[in-house]
Amino acid sequence: MTIALQVEVPIACFRQSRAREYAETYPVPPPSTVYGMLLSIVGETNRYQHCGIQLAIGLLSQPQKSRIIRTFRRFKKKDIHDPSNARPDYQELLTDIQFIVWIATGKDKAKPTLTERLQQALANPQAITRFGGLCLGESRDLVNAVTLLSPEYTGQSLSWIVQDENGSLTLPYWVDHLGSRGTRWQNYRLLDPSQQWEPPDLAWTVIPSD
């Protein structure tokens, strides 16, 4: 089973995993971040629940990058209110993020599958139990709209994010939140805009099941 969603986010930061004081952003939404958003839509808190699904991401816009200065908290002292735990640093932001994500059931063994749950959630949102605002990245980066597209949809041109071992984009497709050892990466590149509505073969990323 395969479905496609159009997602619109006014502003977000996809902080690079290796960024330290200067909070750089990936130029595109990483597969791991998009997967987290999809789980949030259906109210799923166990990120292992739908491992095995496949994602393909195509950009509808060219997000613009800007830089701000904001307060970050790094807990160097046990007292969380200690002023030394907070300091200003620069952070990169992206604005006008619009993309389409295709979701294929793949090896998702859950019943119902994530694709089925997404269809149900968008058709009958009042039946979903979830908490917090729907965001893409940080909790501040709220999603403006998620639209389920019909199979007959033929819309704007897309720039597909495709796997390429020599690509310049190194993105996480699974993140180890207890450290970095279990984080998994893949090299990608961004194709030129085209009217190709269905994802190319190399656009698919599998969320690992082991």
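This tour visits salt bridges in a predicted model.

Before you start: this is a predicted model, where local features need pLDDT of at least 70, side-chain atom pairs count only at pLDDT 80 or more, and totals for chains, interfaces and linings use all residues. Residues are numbered from 1 along each chain as its sequence is written, and side-chain values use heavy atoms, with hydrogens and water left out.

**Stop 1: the overall count.** The whole structure holds 5 salt bridges. The term means a side-chain nitrogen of Lys or Arg within 4 Å of a carboxyl oxygen of Asp or Glu.

**Stop 2: Glu-138, Arg-140 and Asp-141.** Select these three residues. Salt bridges link them in a network. Start with Glu-138 and Arg-140: their side chains meet at 3.7 Å, N to O. Now show Asp-141 with Arg-140, where the N to O distance is 2.7 Å.

Is Asp-141 buried or exposed? Asp-141 is buried, at 0% relative accessibility. Glu-138 is partly exposed at 25%. Arg-140 is also partly exposed, with a relative accessible area of 36%. Cut-offs: buried is under 20% relative accessible area, exposed over 50%, partly exposed in between (1.4 Å probe, protein chains only).

**Stop 3: Asp-164 and Arg-189.** Select this pair. Their salt bridge brings the closest N and O atoms to 2.8 Å apart. It links distant parts of the chain, 25 residues apart. Asp-164 sits in the loop between β6 (159–163) and β7 (169–174). Arg-189 belongs to strand β8 (residues 184–190); strands are DSSP runs of E, at least two residues, numbered from the N terminus. Arg-189 is partly exposed, at 39% relative accessible area.

Definitions and conventions: Helices (H or I, at least four residues) and strands (E, at least two) are DSSP runs, numbered from the N terminus.
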